[in-house]
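This report covers selected local features of one protein chain. Please look over the sequence and the model before reading on.

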Amino acid sequence: MQTDPTLSVLKLLSLVAYAEGDRCGLRSPWETTPALAQDPVVAGQQMCRHYAGAVRYVQNGDPDFLQDYRDLPDFTLPFVTNADADVERLLGLILIRTLGLQDEVNAGVIGRKWLVEVLNACWTAKLTAARVRYGIE
């Protein structure tokens, strides 16, 4: 049985993002989240907005959010492909908290692992959605 690869993207994002009511964003590893450069913040906000819509589509089948679900890999790729060491570390810290990992785990390594997994899931979703091209188009 083949599963929808966008659901894999959604599950991976659920480990680091939240969507509650009209609010969405990255989870915080502490009470306050460390500051990031502007580009990752903007890409993360776009990703989280589409994540929130995709969650609504999956939970309620609301057709108004189908496009968010379909576009989730597109709006996730800029965040994961441009993540710097600060983003890796922040994601690692979020994952350590979310997954209940031991504090001695290297946050940067965990963040990089998550980024690779998300990149792979997005890539699979994009390849699955692509049509086959045989000629010059």
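The text below takes up a hairpin, an aromatic pair and a pocket in turn. The model is predicted.

**Hairpin.** Strands β1 (residues 17–20) and β2 (residues 23–26) pair in the antiparallel sense, with 4 bridges between them. Tyr18 has Gly25 in β2 as its bridge partner. The hairpin leaves 2 residues between the strands, and Gly21 takes a positive phi near 60° there.

**Aromatic pair.** Searching the whole structure gives 1 aromatic pair. Its members are Tyr57 and Tyr69, with 5.3 Å from centre to centre and 40° between the planes, a tilted arrangement. Tyr57 belongs to helix α2 (residues 38–60) and Tyr69 to helix α3 (residues 66–81), so the pair ties together parts that are 12 residues apart in sequence. The table lists the accessibility of the two residues.

| Residue | Relative accessible area | Class |
|---|---|---|
| Tyr57 | 25% | partly exposed |
| Tyr69 | 8% | buried |

Buried means under 20% relative accessible area, so Tyr69 at 8% falls in that class.

**Second largest pocket.** By class, the lining of the second largest pocket comprises 6 nonpolar, 2 polar and 4 charged residues.

Key. Residues are numbered from 1 along each chain as its sequence is written. This is a predicted model: local features need pLDDT of at least 70, side-chain atom pairs count only at pLDDT 80 or more; totals for chains, interfaces and linings use all residues. Side-chain values use heavy atoms; hydrogens and water are left out. Two strands pair if DSSP finds at least two bridges between them. Rings of Phe, Tyr and Trp (its six-membered ring) pair if their centres lie within 6.5 Å; planes under 30 degrees apart count as stacked, over 60 as edge-to-face and the rest as tilted. Buried means under 20% relative accessible area, exposed over 50%, partly exposed in between (1.4 Å probe, protein chains only). Ala, Val, Leu, Ile, Met, Phe, Trp, Tyr, Cys and Pro count as nonpolar, Asp, Glu, Lys and Arg as charged, and the others, Gly among them, as polar.
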